[in-house]
Amino acid sequence: MPVQAVAKKILKRVKRDHMLGLSLLAIVVGLIGGIASIAFIEGISAIQFLGFFTTSEYLASRVAKLPWWQIVLVPTIGGLIVGLLSYFWMPNRRSQGVADVIEANALRGGRMSFRNGIKAAVLSVISIGSGASVGREGPMVHFGASLGSTLATKLKLDPKQTRTLLGCGVASAVAASFNAPLAGVFFALEVVVGHYGMSAFAPVVLAAVSGTLVSHMYLGDTPAFLLPSLIIATPLEFPAFVLLGLTSIPAALALIYGPSFVNRIVAKTKIPSWIRPTIAGLLVGLVAIRLPEILGVGYEATSMALGAELGFWLLISLLCAKIALTVLCLGMGFGGGVFSPALFVGAMLGGSFGIIATSIVDVHTSALAVYTIVGMGAVSAAVLGAPISTTLMIFELTGDYSVTMGVMIAVAISSFLIRAITPYSFFTLTLLQRGVEVQNGLDVSVLRDTHVGDIIDRRVDTISSDAPFDVVRRKLLASRWGRVFVVEDGEFVGVIRFSETLDESRTEDQTALSIAERTVCLKQHSSLEDAMQIIRKTGEAHIPVVSDGDGKLIGQVHEHEVNFTYHRAILQANEESEEEDEDQDQSSSK
């Protein structure tokens, strides 16, 4: 049967049975995403072979045998190519990654450009293959998301379905990259989609499983890091895991804020944007002469740290060098992600912490690999803002369940403290630098710029606080929204719902004031963000609004109107953004 005919049948199924049809599309996205992830990895290997004469992910030991000039030259030339491609080829003259996927989900109804997805993937393949100190998972997520979004756009699906298929692409990419289907599912839902609703959960699971099956067939069914069986030797070590979670905070903050800081500093200079990755590549090459472990994703050094093959001072040196070079590479325009560097930094931090901890405690302690794994989880969760998916990912990467409790403790501590210090993850801070604030899949900047005063429904059913119950009953039966607002001298006192008419314990001598339920209300100049927070916390669909000064009841806002206003503002912002992108593309082509 022709592919076009199959596509038409699937589309009919989607329109007739949303969940079944969407599940079929999720499997398709998962398979395509798995194949694309393999192609991405092979592309990195090809570029790496051209520069370093090896396709192995364990790059450091091979590079150590090369002449110094080649170690310096390859990332420098890679930086030059990336800089030129970014300047003349990429929208807004920058690389793209997970932050752009989050933005597409929140602002653009899940719509992404397939052409830009290809461009970003090529840019990242060159960056990672030439040795830039960045990760491959972020670009793979972006590529997978663009595939899912493109399929949804071609089939003309609605924004909700498009967002779901975008999440399917994300899950498939993560699952195929790490051989970690559970992590793929929860990363997509936790970081990108922003919720765990069943309408998204089932398709995302199918996509992650499909992507993993493709990865298994091509790459095999083995964890990224092979370890001997590990156990936590004594419960007395749990305070050490808490301390390790605390210790991970400075490293996580450096990875979160470092790239944007470098970007701001460099932007104030007269250094052209196209030459900045070249400078970063040169610095990477110079450091790699002595520390080749910092090149690329750094899986070899991470594996060596897990095997306790690195000494204390080498661990500290690699920790500091990786943070500095990752910050420079991301801040100066290389394409790539932050997850692999966060794993690397966490491994070095955990390994060095473990050496100290096991040397000063006079009891039998766990192997150093336990502290290394715990460190990987603590730093990564804090940087990504994804404690659940990170914990699952660490488990699937190492294949070791026995140390999961230690990881969970450190992840909980690091995630809680990092959010107490800053409300942003690496991704949301990247968006903030572009003037977009996103939380829980919503654009906060749009929510804050819109006031409830613009959408007040002034037709409210009110009743005096001293009204008897029989009057209350008649008022409720006639109310439009199944509730009346109790007022006293015009001021809002509380709400009475229709369910009160069914309460047989009510007596006729009871007044509206004695029945009224105290509830939160909005002020006239409250933002749409305030309204959404109250709706989520209380479950109320109709929120009373009072004047800013005297607290007089002036109306109400409805949940459906809040959602409609938000999405209308997003569409307007999206149209303005697309017009700006077109103007920039036209000016750059000239």
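On a 1 Å grid over the protein atoms alone, a cavity is a set of points where a 1.4 Å probe fits but cannot get out. A pocket is an open set with protein on both sides within 12 Å along at least five of seven lines, and lining residues have an atom within 4 Å of a point. Grid points are joined across faces, edges and corners, and a volume is the space filled by probe spheres set on the points. The model is predicted, so local features need pLDDT of at least 70 and side-chain atom pairs count only at pLDDT 80 or more, while totals for chains, interfaces and linings use all residues. Residues are numbered from 1 along each chain as its sequence is written, and side-chain values use heavy atoms, with hydrogens and water left out.

Searching the whole structure gives four cavities of 30 Å³ or more. The largest cavity has a volume of about 180 Å³. Its lining is made up of 18 residues, and those nearest the centre are Q48, S56, E57, L59 and V297. Two or more lining residues come from each of helix 2 (18–52) and helix 13 (299–306); helices here are DSSP runs (H or I, at least four residues), numbered from the N terminus. Helix 2 gives the most to this lining, with four residues. By class, the lining of the largest cavity has eight nonpolar, six polar and four charged residues. In this scheme Ala, Val, Leu, Ile, Met, Phe, Trp, Tyr, Cys and Pro count as nonpolar, Asp, Glu, Lys and Arg as charged, and the others, Gly among them, as polar.

The second largest cavity holds about 100 Å³ of space. It is lined by 13 residues, with E137, G138, V141, F187 and F339 closest to its centre. Helix 7 (137–154) and helix 8 (159–178) each give two or more residues to this lining, and helix 7 gives the most, with three. The lining of the second largest cavity divides into ten nonpolar, two polar and one charged residues.

Next comes an open space. The second largest pocket contains about 800 Å³. Of the 36 residues that line this pocket, R94, S95, N263, L330 and R434 lie nearest its centre. The elements giving two or more residues to the lining include helix 11 (238–267) and helix 14. The pocket lining has 14 nonpolar, 16 polar and six charged residues.

Both of those helices also pack against other helices. The axes of helix 14 (residues 312–331) and helix 15 (residues 339–360) come within 9 Å and cross at roughly 155°. Helix 14 is therefore roughly antiparallel to helix 15. Axes are lines fitted to C-alpha atoms, for helices over the stretch in contact, and angles run from 0 to 180 degrees between N-to-C directions. Angles under 35 degrees count as roughly parallel, over 145 as roughly antiparallel, 65 to 115 as roughly perpendicular and the rest as oblique.

The contact includes G245 and L246 of helix 11 and G406 and I409 of helix 18. By class, it has 15 nonpolar, four polar and no charged residues.

Notes:
Contact means heavy atoms within 4.5 Å.
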